[in-house]
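I opened the notebook today to look up a few local features and jot down what turned up. Here are my entries, in the order I made them.

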Amino acid sequence: MQLIMSGVLNVTQLVGVSTSIWTIDRFGRRPLLLWGSFFMTVSHLIIAIFVGKYNKNWSDHRGPGWASAAFLLFYMLSFGATWGPVPWAMPSEIFPSSLRAKGVALSTCSNWFNNFIIGLITPPLVQNTGFGAYTFFAVFCLLSLGWTYFFVPETRGRTLEQMDHVFKDISSEEEEARRHAIEAEIVANHPGLMHQKSNGHRQS
């Protein structure tokens, strides 16, 4: 039964992830994260209540037991549609070109490391704390809602230059100004280069 349930959960998450192909650009990254946090928080809280009340006698309370399983599936669907794919997409959209490779690499490492930690602690946490495990994850889902609301900007349809203004990062503007200054210095010291460049454009 555990093997079957594991397969059902993974398929449910896959269905959720598949929806992001259409939703991530239609609705934006920020709304998906906000709604995902909300739905995951509600799912965990309801499961925590059922586990806390009926954990010692599931055989006499099959209704709450199936309801807990349903909300677990709903959680996997919500996660797969929101927090599953979006954190993989956003890092490449917020880092400037000069830092994108390192930024995406670090965010990928962080994502996998945190997935490893969650996979490591979840089984003993559920076994030893019961409803406390679901309350623990509900709190973090609620924190992710606050984090997204206050600190995560919308990146849909924005250029890297616009993202620099969102984060108040002027490094790209400084790089652009430095490039123009170097070009101006080269032209001033070698005026023939500009003449050759303009002739080349006319011939093409």
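I take helices as DSSP runs of H or I with at least four residues, and strands as runs of E with at least two, numbered from the N terminus. My model is a predicted one: local features need pLDDT of at least 70 and side-chain atom pairs count only at pLDDT 80 or more, while totals for chains, interfaces and linings use all residues. I number residues from 1 along each chain as its sequence is written, and my side-chain values use heavy atoms, leaving out hydrogens and water.

**Entry 1: aromatic rings**

I looked at helix α2 (residues 29–54) and found both F50 and Y54 there, four residues apart, about one turn of the helix. I pair rings of Phe, Tyr and Trp (its six-membered ring) if their centres lie within 6.5 Å; planes under 30 degrees apart are stacked, over 60 edge-to-face, and the rest tilted. The structure holds 11 such aromatic pairs. One of them joins F50 and Y54, a tilted pair at 6.3 Å centre to centre with 35° between the planes. I also noted one aromatic cluster, formed by W35, F38, F39 and F74.

Is Y54 buried or exposed? I call a residue buried under 20% relative accessible area, exposed over 50% and partly exposed in between (1.4 Å probe, protein chains only). Y54 counts as buried because its relative accessibility is 18%.

**Entry 2: I118**

I found I118 in helix α6 (residues 100–129). I118 has 43% relative accessibility, so I logged it as partly exposed. From its C-alpha atom to that of F137, 19 residues apart along the chain, I read 9.9 Å.

**Entry 3: nonpolar cores**

Which residues make up the largest nonpolar core? My criterion is a set of buried Ala, Val, Leu, Ile, Met, Phe, Trp, Tyr and Cys residues joined through side-chain atoms within 4.5 Å. The largest has six: I24, L32, L33, V86, M90 and V152. Apart from it lies another core of five residues, L9, M40, Y75 and C141 among them.

**Entry 4: E154**

I placed E154 in the loop between α7 (131–151) and α8 (160–166). E154 is buried but has no salt bridge, and R29, the nearest side chain of opposite charge, is 4.7 Å away. For a salt bridge I require a side-chain nitrogen of Lys or Arg within 4 Å of a carboxyl oxygen of Asp or Glu; Lys and Arg count as positive, Asp and Glu as negative, with His and the chain ends not counted.
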